[in-house]
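Reader: I am new to this one. Can we go through the terms and the values behind them?

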Amino acid sequence: MRSTRRRSPKPSRRRGAPEAITQGDVARAARVAVSTVSRALTGDGRISRATRRRVERAAHRLGYAPNALARGLAGGGADVVAVVIPRTAEYTFTSPFHLAALKGISRVLQEASHLMLLSFLEERDFVALHRSGLCRGVIVLMFRHGDRRITALGKHRVPAVLIPGDPSLPGVTSLTFDATAGTDAATRHLLALGHRRIGFIGGVPSSPLHRDRLAAFREALAAAGVAADPSLETETNFTAAEAYERALDLLQRDERPTALLCSNDVMAQAAHAAAQKLGLQVPTDLSIAGLAGLPGPRLAAPALATVIVDFEQVGATAATLLLKLIADRPREGTSMLLPVEFDPGGSTAPPLRERRARS
């Protein structure tokens with residue numbers, strides 16, 4: 001006799017939206033019961049080693065990441081956005097730029113009643129964060145070139161925003177500030193003062209910001225008819241400690257630079273400390289400029305010449321873009337470039353030889 005019991009309709013999912021991977025999906029892929037998946041992934045001794053490995057392979061292939069927090073949040077109906085930072089927590093919470101960006105992100109998410117999940121693990125699978133149900137979208141703060149996980153975000157249509165952006169990546173929304181224009185303005189300012197030996201203290205080679213700044217620096221030199229000197233270009237991990245060491249090295253050379261360009265104000269202040277250690281006065285003996293500084297008063301004397309970047313607004317704009325991506329699910333990513341402003345401050349002056357020639 002045919003059963004007359006009606007089947008419960010399956011819950012509908014938004015058309016076109018990437019579906020979160022469940023234990024049921026893993027169970028079907030591994031050809032086991034859902035309860036077996038749960039036990040296998042929690043290390044239950046009743047599950048054989050062969051079965052556990054089969055379940056783990058299926059979970060990895062599908063991008064399923066079991067997480068108690070995700071299950072709890074899903075049950076409560078909370079909306080979560082993940083902010084992934086490929087640096088240590090120690091670095092992040094001592095970086096004024098990261099903190100300002102996080103403040104902007106937090107403000108927008110709070111107004112939208114969303115929660116923010118911070119992840120500092122460099123090996124974290126971005127797609128798995130979303131597919132596990134742990135978050136509805138991802139903001140990657142200060143990503144690195146060559147990171148395959150970024151490409152995977154677009155491939156799997158995960159709502160995501162990159163800071164800084166990379167317009168060449170299909171399907172991933174990019175947000176960045178105009179580091180090229182800022183570096184060009186700072187370099188031309190030093191050139192106009194008469195500097196020709198300008199040291200460049202940059203970041204890590206895989207950083208999009210470092211690449212853009214270094215390219216803009218070299219182009220500004222070439223436009224002024226000044227040959228770039230690779231021996232005056234250095235790299236750091238964006239920390240004050242390394243900037244201090246690089247500045248000491250540059251300033252103790254027989255033909256030291258008359259000016260230093262540093263990737264951000266923290267590094268520029270470290271370069272200033274190095275100059276003081278060597279008995280050099282800023283800007284009398286050495287000009288220093290930063291390529292990223294926060295808005296607001298600069299209390300140190302002399303006021304540092306810098307490129308003003310509103311990192312809080314950068315973070316707020318990224319969060320706003322991500323919430324729109326989550327709601328609209330567009331097929332293509334967008335790219336947004338935020339303007340910057342160069343403030344000459346008081347830490348630059350013509351080099352000594354120029355002043356002597358004029359006197």
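Author: Start with the naming: helices (H or I, at least four residues) and strands (E, at least two) are DSSP runs, numbered from the N terminus. Pro283, for example, is found in the loop between α12 and β9 (287–293). The model is predicted, and local features need pLDDT of at least 70, side-chain atom pairs count only at pLDDT 80 or more, while totals for chains, interfaces and linings use all residues. Residues are numbered from 1 along each chain as its sequence is written, and side-chain values use heavy atoms, with hydrogens and water left out.

Reader: What makes the bond between Val282 and Pro283 stand out?

Author: That peptide bond is cis, with omega about 5°. A cis bond also joins Ile163 and Pro164, where omega is about -10°. Pro164 sits in the loop between β4 (160–163) and β5 (173–177). Most peptide bonds are trans.

Reader: Why are α2 and α3 called roughly perpendicular?

Author: The axes of α2 (residues 34–41) and α3 (residues 49–62) cross at roughly 95° and come within 9 Å. Axes are lines fitted to C-alpha atoms, for helices over the stretch in contact, with angles from 0 to 180 degrees between N-to-C directions. Under 35 degrees counts as roughly parallel, over 145 as roughly antiparallel, 65 to 115 as roughly perpendicular, and the rest as oblique. The α2 and α3 pair is therefore roughly perpendicular.

Reader: Which residues meet where α2 and α3 touch?

Author: From α2, Thr36, Val37, Ala40 and Leu41 meet Thr51, Arg52, Val55 and Glu56 of α3. Contact means heavy atoms within 4.5 Å. These residues split into four nonpolar, two polar and two charged. Ala, Val, Leu, Ile, Met, Phe, Trp, Tyr, Cys and Pro count as nonpolar, Asp, Glu, Lys and Arg as charged, and the others, Gly among them, as polar.

Reader: Why is the pair of Phe93 and Phe120 called edge-to-face?

Author: Rings of Phe, Tyr and Trp (its six-membered ring) pair if their centres lie within 6.5 Å; planes under 30 degrees apart are stacked, over 60 edge-to-face, the rest tilted. A search of the whole structure finds four such pairs. In this one, the centres of Phe93 and Phe120 are 5.8 Å apart, with 65° between the planes, which makes it edge-to-face. The two are 27 residues apart: Phe93 in the loop between α5 (89–92) and α6, Phe120 in the loop between β2 (114–119) and α7 (126–131).

Reader: What makes a space a cavity and not a pocket?

Author: On a 1 Å grid over the protein atoms alone, a cavity is a set of points where a 1.4 Å probe fits but cannot get out; a pocket is an open set with protein on both sides within 12 Å along at least five of seven lines, and lining residues have an atom within 4 Å of a point. The whole structure has two cavities of 30 Å³ or more.

Reader: What lines the largest cavity?

Author: Its lining has 18 residues; His98, Met142, Leu209, Phe238 and Asn264 lie nearest the centre. The largest cavity has a volume of about 190 Å³. A volume is the space filled by probe spheres set on grid points, which are joined across faces, edges and corners. Helix α10 gives the largest share of the lining of the largest cavity, three residues. That lining divides into 10 nonpolar, five polar and three charged residues.

Reader: Which residues lie nearest the centre of the second largest cavity?

Author: They are Arg157, Val158, Pro159, Gly171 and Pro330, out of 13 lining residues. The second largest cavity holds about 130 Å³.
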